[in-house]
Amino acid sequence: MSMIAAFYSSKSILITGATGFLGKVLMEKLFRTSPDLKIIYILVRPKAGQTLQQRVFQILNSKLFEKVKEICPDVHEKIRPISADLNQHDFGISKEDMEELLSSTNVIFHCAATVRFDDPLRHAVQLNVTATQQLLFMASQMPKLEAFIHLSTAFSNCNLQHIDEVIYPCSVEPKKIIDSMEWLDDAIIDEITPKLIGDRPNTYTYTKALGEIVVQQEGANMNVAIIRPSIVGATWQEPFPGWVDNLNGPSGMIIAAGKGFLRSIKATPLAIADLIPADTVINLTLAAGWYTAVHRPKSTLIYHCTSGNLNPCNWLKMGLHVLETFEKVPFEKAFRRPKANFTTTSFTNHYWNAVSHRAPAVIYDIYLRLTGRKPRVTKLMNRMLRMLSMLEYFVNHSWEWSTHNTEMLMSMLSPEDQRMFNFDVRQLNWLEYIENYVLGVKKYLLKEDMAGIPEARQHLKRLRNIHYLFNVALFLIIWRLLIARWQMARNIWFFISSLHTL
Ligand SMILES: CCCCCCCCCCCCCCCCCCCCCCCCCC(=O)SCCNC(=O)CCNC(=O)[C@H](O)C(C)(C)COP(=O)(O)OP(=O)(O)OC[C@H]1O[C@@H](n2cnc3c(N)ncnc32)[C@H](O)[C@@H]1OP(=O)(O)O
Ligand SMILES: NC(=O)C1=CN([C@@H]2O[C@H](COP(=O)(O)OP(=O)(O)OC[C@H]3O[C@@H](n4cnc5c(N)ncnc54)[C@H](OP(=O)(O)O)[C@@H]3O)[C@@H](O)[C@H]2O)C=CC1
């Protein structure tokens, strides 16, 4: 019997961010491996005109939960959505709900965060720091609490090159930052943001670092652990390979490349592409929850959930394999053929952005306008370029994350748990993983049917012919202009014609 699965059976578990990418994989795994668990409370806000129940219904009816519904048919009754907005005081939770949460919760998984890189500091602090502090305050009033697991990011200290499983101090104490957000106005916050984030690239990584310090300080008397995943990608094995449901990180870029929008990217080809599958992150998270509650380590343990030092893969290998997979499973209605390369200098990057990204978008929009349709490609292209500029930092640096705690945890698991909650990335075959990732993006994100592959291939052939025609036409126009204006070009032309008549 799995010790981890047995631990979660009959437990009341509170999850924040359960409607997010990792939160859903976490809930799925919990229900699949511990169908006897008592209840999962999820803090959810109503969104896009949907009630809490509708949001939960949508999640449970997705493909991700198909296996769970077989194993745990009463899953609907075991999820209790609680109306909560982490931006509000006490999260806006009703008195009755709060009482129930405080008296029943055994384990907390704190996954909610803003993962947007460019969020204004005030908003990022509110969600990634203040809300974490408030949740810890709630946790301190839970008599039955056994473990508090905080999801952070391996990039919270990305200003360092070698990162250990420790919490690093920030120049200003989180409490001072939280306080100052209350009285500083937006203009001043915007002005001081670059100074505060210092050599980190964005407010996300900075506020996640502050969040960790808060966890260490406020959670000193609790059983707390921090998980630091690197770049989370589609699932590797469970519940099935390739599941992904948002555009963050590499997924959006895979779409952009597969649809022919992304043709070049400024990246260091041999830098480590530290991707980690979502199910690996969740297996480690659940194992850490069990270990924290049962073994009660004396200090807050931090677990790096990264692949680089155990099973490294670089951007070149990854990029090439993504492109190779497009040949097997092309995406439908591509804008251009999927073909991309890496640029390494700012000059070549600007050049290829102009020639391969902006110019085709402008030309296509002119065509749309001429045929009476609404131009839209330049807008899409600008959005992609913005995203690309935000990701650039992460594809041009390499980090070394030590993984002593993660390896220690692995060694503490029974053989059964090592199989059921596998987070040993040494077993990951990158080529197979990337292929399934691209396939997953096609099926679950783009919702494209595999039956459409022959038509997608035909479309790519048409694009290739248009490309050849375009190049020939361009060549003839330039040549004609040269002959008209340049004596040397005329001489060459006469020379070639005379060769032909010989
Ligand atoms: C020689 C061979 C060469 C081979 C070459 C091969 C090359 C070819 C192969 C290529 C593949 C392999 C390499 C890939 C490299 C990837 C590197 C990844 C590094 C990741 C590091 C992560 C480290 C940290 C990890 C963490 O710890 S955390 C997780 C990471 N966090 C994020 O990734 C959030 C980022 N995002 C934002 O920060 C905001 O999104 C923001 C961008 C500001 C926009 O912001 P804004 O303009 O306001 O737009 P939105 O409101 O967000 O969206 C507005 C509209 O755009 C949509 N849309 C949002 N996004 C995206 C998106 N991506 N893509 C497309 N659309 C998107 C949205 O659906 C909405 O559509 P609509 O509803 O309007 O129709
Ligand atoms: N994905 C990645 O590449 C990585 C993620 N991480 C960390 O993992 C955790 C989960 O990330 P991921 O699942 O990808 O993120 P998502 O963006 O997919 O999910 C974020 C979750 O937080 C919830 N949330 C946001 N704001 C509020 C709010 N005001 N009140 C209540 N809930 C809110 C969202 O709810 P709603 O659905 O209502 O928006 C959603 O459920 C985060 O802590 C992140 O920092 C770390 C490394 C990499």
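This is a predicted model: local features need pLDDT of at least 70, side-chain atom pairs count only at pLDDT 80 or more; totals for chains, interfaces and linings use all residues.
Q: What other backbone atoms approach ligand 1, from Phe 117 and Leu 247 for instance?
A: A polar backbone atom of Phe 117 is 2.8 Å from an oxygen atom of ligand 1. For Leu 247, a backbone N or O atom lies 3.0 Å from a nitrogen atom of the ligand.

Q: How much of the accessible area of ligand 1 does the protein cover?
A: On its own ligand 1 has 1,600 Å² of accessible area, and the protein covers 76% of it.

Q: Which elements give two or more residues to that shell?
A: They are helix 11 (250-258), helix 13 (315-328), strand 12 (341-343) and helix 15 (377-395).

Q: And which one gives the most?
A: Helix 15 does, with 7 residues.

Q: How many residues are around ligand 1, and which come nearest?
A: There are 32 residues around ligand 1, and the nearest are Arg 116, Phe 117, Tyr 204, Gly 249 and Arg 386. By class, the shell has 22 nonpolar, 6 polar and 4 charged residues.

Q: Turning to ligand 2, which residues are closest there?
A: Thr 19, Lys 47, Arg 55, Tyr 204 and Lys 208 are the closest of the 27 residues that surround ligand 2. Tyr 204 is also among the residues that come nearest to ligand 1.

Q: How do the residues around ligand 2 divide by class?
A: That shell is made up of 14 nonpolar, 8 polar and 5 charged residues. Helix 2 (21-33) and helix 10 (203-218) each supply at least two residues of it.

Q: What polar atoms of Gly 20, Leu 22 and Asn 246 lie by an oxygen atom of ligand 2?
A: For Gly 20, a polar backbone atom is 2.9 Å from an oxygen atom of ligand 2. Leu 22 likewise has a polar backbone atom 2.9 Å from an oxygen atom of the ligand. With Asn 246, a polar side-chain atom lies 3.4 Å from an oxygen atom of ligand 2.

Q: What share of ligand 2 does the protein bury?
A: The protein buries 90% of the 900 Å² that ligand 2 exposes when taken alone.

Q: What does Tyr 364 touch?
A: Leaving out residues up to four places away in sequence, Tyr 364 touches Phe 335 and Val 377. Its C-alpha atom is separated by 8.5 Å from that of Thr 378, 14 residues apart along the chain.

Conventions:
Residues are numbered from 1 along each chain as its sequence is written. Chains are lettered from A and ligands numbered from 1 in the order in which they are written. Side-chain values use heavy atoms; hydrogens and water are left out. A residue is near a molecule or strand if one of its heavy atoms lies within 4 Å of it. A polar contact is a pair of N or O atoms within 3.5 Å; within protein, one must be able to donate a hydrogen and the other to accept it, and residues adjacent in sequence count only if both atoms are side-chain atoms. Accessible areas come from the Shrake-Rupley method with a 1.4 Å probe; for residues, only the protein chains shown count as cover. Helices (H or I, at least four residues) and strands (E, at least two) are DSSP runs, numbered from the N terminus. Ala, Val, Leu, Ile, Met, Phe, Trp, Tyr, Cys and Pro count as nonpolar, Asp, Glu, Lys and Arg as charged, and the others, Gly among them, as polar. Contact means heavy atoms within 4.5 Å.
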